[in-house]
Amino acid sequence: MRAAALAVIALVLAAPAGASEQRPSAAELESELVCPVCESTLDTSNAPVALRMKAFIRERIAAGDTKSEIKASLVDQFGPAVLAEPPKKGFELVAWLLPLAGLALGVIVVGLLAWRWSHARGGDEPADVAEPLDPALERRLDDELARYEP
Amino acid sequence: MTGRIRLVAQIAAVAVVAALLGLLGWKLTQDGSEVTAQLDKGGAPVAPAFTLERLDGKGDLDLASLRGKAVVLNFWASWCGPCKDETPLLQKGWKRWQGKDVVFVGVDVKDFRGDAKDFLARYGVTYSNVYDGKGSTVGRYGVTGFPETYFVDADGKVRYRIAGPVEDAADLDAGIERALAPA
C-alpha cells in the first residue's frame with residue numbers, strides 16, 4: 001500500500017518534468033541557457049547572438065525537438081559554457097560537488113567546535129558528589145520503605 | 001589535541017586560500033591576453049596556436065602550417081554588424097595580396113556554423129575561414145570585440161592589431177606591410 005502511494009507520488013512529480021522534456025517552452029529554455037557574449041541568461045539578454053539563439057530555440061521547438069536535443073545542439077555549436085547549470089559529469093561535476101564538500105566541511109567544523117565547547121563546559125563544572133546520609137536518617141528511611149514492601 | 005586540531009584547521013585554511021589564488025591566477029592567464037599587453041608595449045608576441053575546423057569543409061586548419069607567410073587573422077561573427085561592413089573590404093584586400101606571401105584567415109567566433117557559411121556565401125568570401133563556436137581563441141588573443149584583426153609575421157609573431165573594423169584599404173595594407181617587414 002505504502003509502495004503504491006510512493007509510486008503515485010513519484011509519477012505525479014515526474015509528469016511535469018517529462019512534459020517539459022518533450023514539449024519545452026521557449027521561456028524555460030531561455031532561462032537555462034547563457035548568451036556566450038554577455039554571459040547572462042538568454043531571457044535577460046538582447047545581444048545580437050542572444051536574439052539569434054532565441055530564434056533558433058523557437059525554430060527547434062516548432063520542429064518538435066526535445067529540450068535535451070535543443071540544448072545538445074547549442075552545446076555542439078557554442079560549447080558547454082552555454083548551459084546555465086554545468087553538466088553533472090566530467091570536470092563540470094566539480095561545480096556540483098564543491099558546495100557539498102564545503103557544506104560537509106562546515107558541518108564537521110561546527111561539530112568539532114560543539115564537541116570541544118561541551119567538553120570544556122563539562123570540565124569546569126564541579127562533579128555531583130552524593131552527600132552521605134546521616135545514619136539515623138538512613139535507618140528511618142529504611143524503616144519507612146520496609147513498610148511499603150509486601 | 002586542541003592544538004593539533006587548530007594546526008590542521010590553519011593548514012586547511014591556508015591551503016584553501018592558496019588554491020583560490022592559484023585558480024584566480026590560472027583564470028587571469030587564460031583570459032588576460034599577453035598578446036595585447038605585449039603589443040601595447042611595442043613587443044611582438046607569439047601568435048597563440050590553434051587548430052580549428054575549416055568552414056569550407058576541407059578538414060582543419062593549423063595556424064602553425066602557415067609559417068613562412070604573413071597572416072591576416074580576422075575575428076568575426078555573422079551576427080556582428082560591423083563585420084558586414086568590413087568583409088567586402090577584406091575580400092578585396094585578399095584579391096590584392098593573394099600570391100604575395102600573405103594569407104588571410106577568418107575566425108568565426110561564437111556563432112552558428114550554418115549562419116557563418118551563409119554569411120561567407122553572401123559576401124563571396126574566398127579566403128580561408130575557420131569555426132570557433134566555443135570562442136577558444138578569444139581569450140588567448142585578447143579579442144575585445146568583433147571584428148578584430150591581427151597581423152602575424154612569417155615567424156608566427158603578432159606585429160599589429162586593429163581593434164574594431166578595418167576602416168579602409170590603407171589601414172589593411174599598413175598592417176600587412178608591418179607583418180611583412182623584417183623583424
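How many Å separate the centres of domain 1 of chain B and domain 2 of chain B, taken over C-alpha atoms? The answer is 41 Å. This is a predicted model: local features need pLDDT of at least 70, side-chain atom pairs count only at pLDDT 80 or more, and totals for chains, interfaces and linings use all residues. Residues are numbered from 1 along each chain as its sequence is written, and chains are lettered from A in the order in which they are written.

**Chain B**
- An automatic or database assignment gives domain 1 (1-31) and domain 2 (33-180).
- Chain B holds six helices and seven strands (DSSP runs: H or I, at least four residues, for helices; E, at least two, for strands).
- Its order from the N terminus is α-α-β-β-β-α-β-α-β-α-β-β-α.
- The C-alpha trace spans about 80 × 40 × 30 Å along its principal axes.
- Buried residues (20 or more other C-beta atoms within 10 Å of their own, placed from the backbone) make up 34% of the 183.
- Of contacts (C-beta atoms, placed from the backbone, within 7 Å) between residues at least 6 apart in sequence, 71% join residues at least 24 apart.

**Chain A**
- Chain A has six helices and zero strands.
- Of its 150 residues, 15% are buried.
- Among contacts with a separation of 6 or more, 43% link residues 24 or more positions apart.

**Interface**
- Eleven residues from chain B meet eleven residues from chain A.

Technical notes. Buried ≥ 20, exposed ≤ 12 C-beta atoms within 10 Å, placed from the backbone. Contact = placed C-beta atoms within 7 Å.
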